[in-house]
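Here's a quick briefing for anyone meeting this structure for the first time. Take a look at the sequence and the model, then read on.

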Amino acid sequence: PTLRNFGLLERGSGPVSAEALAEAFTSQAGPILRSVEVLRNDDAVQEILTGEWARYAIESRDYVGLALSEEFSELFERVLEEFRR
């Protein structure tokens with residue numbers, strides 16, 4: 001039911017084999033997982049995430065300040081760019 005709720009399987013399709021579940025998950029979630037991997041290895045993303053501002057905001061739990069920062073905006077744009085691909 002969860003995979004159907006997320007649109008990975010058609011609603012009302014009845015019982016599904018393990019192979020069909022794996023295929024549905026791979027075909028639908030695979031591109032997103034590849035994008036996450038690309039972002040994880042992106043030098044610009046790593047520079048933003050390991051910067052002084054991010055460390056301070058996370059350690060001080062200043063999530064509002066983090067979300068409003070220019071660096072976070074740059075990071076968000078980079079993530080959106082990758083997901084659009």
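The protein exposes about 6600 Å², and carbon and sulfur atoms supply 57% of that area; accessible areas come from the Shrake-Rupley method with a 1.4 Å probe, and for residues only the protein chains shown count as cover. Keep in mind that this is a predicted model, where local features need pLDDT of at least 70, side-chain atom pairs count only at pLDDT 80 or more, and totals for chains, interfaces and linings use all residues. Residues are numbered from 1 along each chain as its sequence is written, and side-chain values use heavy atoms, with hydrogens and water left out.

**Overall build**
- You'll find 6 helices and 0 strands here; helices (H or I, at least four residues) and strands (E, at least two) are DSSP runs, numbered from the N terminus.
- Of the 85 residues in the protein, 24% are buried, where buried means under 20% relative accessible area, exposed over 50%, and partly exposed in between (1.4 Å probe, protein chains only).
- Looking at contacts (heavy atoms within 4.5 Å) between residues at least 6 apart in sequence, 34% join residues at least 24 apart.

**The core**
- The largest nonpolar core has 8 residues: Leu39, Val45, Ile48, Trp53, Ala54, Ala57, Leu66 and Leu75.
- Such a core is a set of buried Ala, Val, Leu, Ile, Met, Phe, Trp, Tyr and Cys residues joined through side-chain atoms within 4.5 Å.
- Setting aside its neighbours within four places in sequence, Val45 is in contact with Leu39, Leu75 and Arg78.

**On the surface**
- Ile32, Val36 and Phe83 form a nonpolar patch, with about 270 Å² of accessible area together.
- Patches are made of residues with over 30% relative accessible area and no salt bridge, with like charges joined within 9 Å and nonpolar side chains (Val, Leu, Ile, Met, Phe, Trp, Tyr) within 5 Å; a salt bridge is a side-chain nitrogen of Lys or Arg within 4 Å of a carboxyl oxygen of Asp or Glu.
- Ile32 lies in helix H2 (residues 18–40).

**Around H4 and H5**
- Arg61 sits in the loop between H4 and H5, and counts as exposed because its relative accessibility is 66%.
- Most residues other than glycine have a negative phi. Arg61 isn't a glycine, yet has a positive phi of about 60°.
- Ala67, in helix H5 (residues 63–68), has 42% relative accessibility, so this residue counts as partly exposed.
- Ala67 and Ala57 are 10 residues apart in sequence and 9.4 Å apart in space, C-alpha to C-alpha.
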